[in-house]
Amino acid sequence: GSSKSIYEAMNMGLPSIVTHNSGSVITDKEDGFIIDIANASAIQEKMLLLKRNTCLIENMGMAAYQNSKKYSWGQYAKNVINIYRDLSNWNYIILLG
C-alpha cells in the first residue's frame, strides 16, 4: 500500500517526492516526482527545483489536490459498492446460465 502521508499531502495541495517502490499514487512530473531509492542527489535536485519555482509548486499542488479526490473515503466506498454490485450481477448471470 501507499503511505497515508502522501494522500494527506495531495489533499493539502502539496507535491510529493517519492521513490519507485513506495507504492505511491503520485504521477511523475504531474503532481510530484518519482525518484530512485537511496538517491540523495535526486532528492536534493527535486527539492531545489521546487524551492526555486513557486509556479511549479502551485501547478503540481493543484494537480495533486485534484488527483486526491480519486482516493477519498467516499470514492473508496463507491468503488467497493460497485465491486459487490458487479459480483452479484455476475453470480446472477451464472445462476441463470
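Student: Where does Lys 29 lie?

Tutor: Lys 29 lies in the loop between β1 and β2. Helices (H or I, at least four residues) and strands (E, at least two) are DSSP runs, numbered from the N terminus. Before we go on: this is a predicted model, where local features need pLDDT of at least 70, side-chain atom pairs count only at pLDDT 80 or more, and totals for chains, interfaces and linings use all residues. Residues are numbered from 1 along each chain as its sequence is written, and side-chain values use heavy atoms, with hydrogens and water left out.

Student: Why does Lys 29 count as exposed?

Tutor: Buried means under 20% relative accessible area, exposed over 50%, and partly exposed in between (1.4 Å probe, protein chains only). Lys 29 has 59% relative accessibility, so it counts as exposed. Lys 29 also has a positive phi of about 70°, although it is not a glycine.

Student: What about Ala 38: buried or exposed?

Tutor: Exposed, because its relative accessibility is 80%. Ala 38 sits in the loop between β2 and α2, and it too is a non-glycine with a positive phi, about 60°.

Student: How do you know that the length of α2 fits a helix?

Tutor: The expected span is 1.5 Å times one less than the number of residues. For the 13 residues of α2 (residues 40–52) that gives 18 Å, and the end C-alpha atoms are 18 Å apart, so the two agree.

Student: Which residues of α2 are buried, and what puts them on the same side?

Tutor: Ala 42, Lys 46 and Leu 50 are the buried ones. They cover an arc of only 65° around the axis, which puts them on the same side of α2; the arc is taken from the directions from the helix axis to the C-beta atoms. The face turned away carries exposed residues, including Gln 44 and Lys 51. Among the elements covering the buried residues are β1 (16–19), β2 (32–35) and α3 (54–68).

Student: What makes the buried residues of α1 line one face?

Tutor: In α1 (residues 4–11), Ile 6, Ala 9 and Met 10 are buried. Seen down the axis, they fall within an arc of 100°, so they line one face of the helix. Their cover includes β1 and α3.

Student: Which residues make up the largest nonpolar core?

Tutor: Ile 6, Met 10, Val 18, Val 25, Ile 26 and Ala 64, six residues. The label needs buried Ala, Val, Leu, Ile, Met, Phe, Trp, Tyr and Cys residues joined through side-chain atoms within 4.5 Å.

Student: Why is Ser 68 called buried?

Tutor: Its relative accessibility is 7%, so Ser 68 counts as buried. Ser 68 lies in helix α3, and a polar atom of its side chain is 2.6 Å from the backbone oxygen of Tyr 65. Not counting residues up to four places away in sequence, Ser 68 touches Met 10 and Asn 11, where contact means heavy atoms within 4.5 Å.

Student: What makes Trp 73 and Tyr 76 an edge-to-face pair?

Tutor: Rings of Phe, Tyr and Trp (its six-membered ring) pair if their centres lie within 6.5 Å; planes under 30 degrees apart count as stacked, over 60 as edge-to-face and the rest as tilted. By this rule there are two aromatic pairs. Trp 73 and Tyr 76 come out at 5.7 Å centre to centre with 85° between the planes, hence edge-to-face. Both are exposed.

Terms used: Polar contact = N/O pair within 3.5 Å; in protein donor to acceptor, adjacent residues only side chain to side chain.
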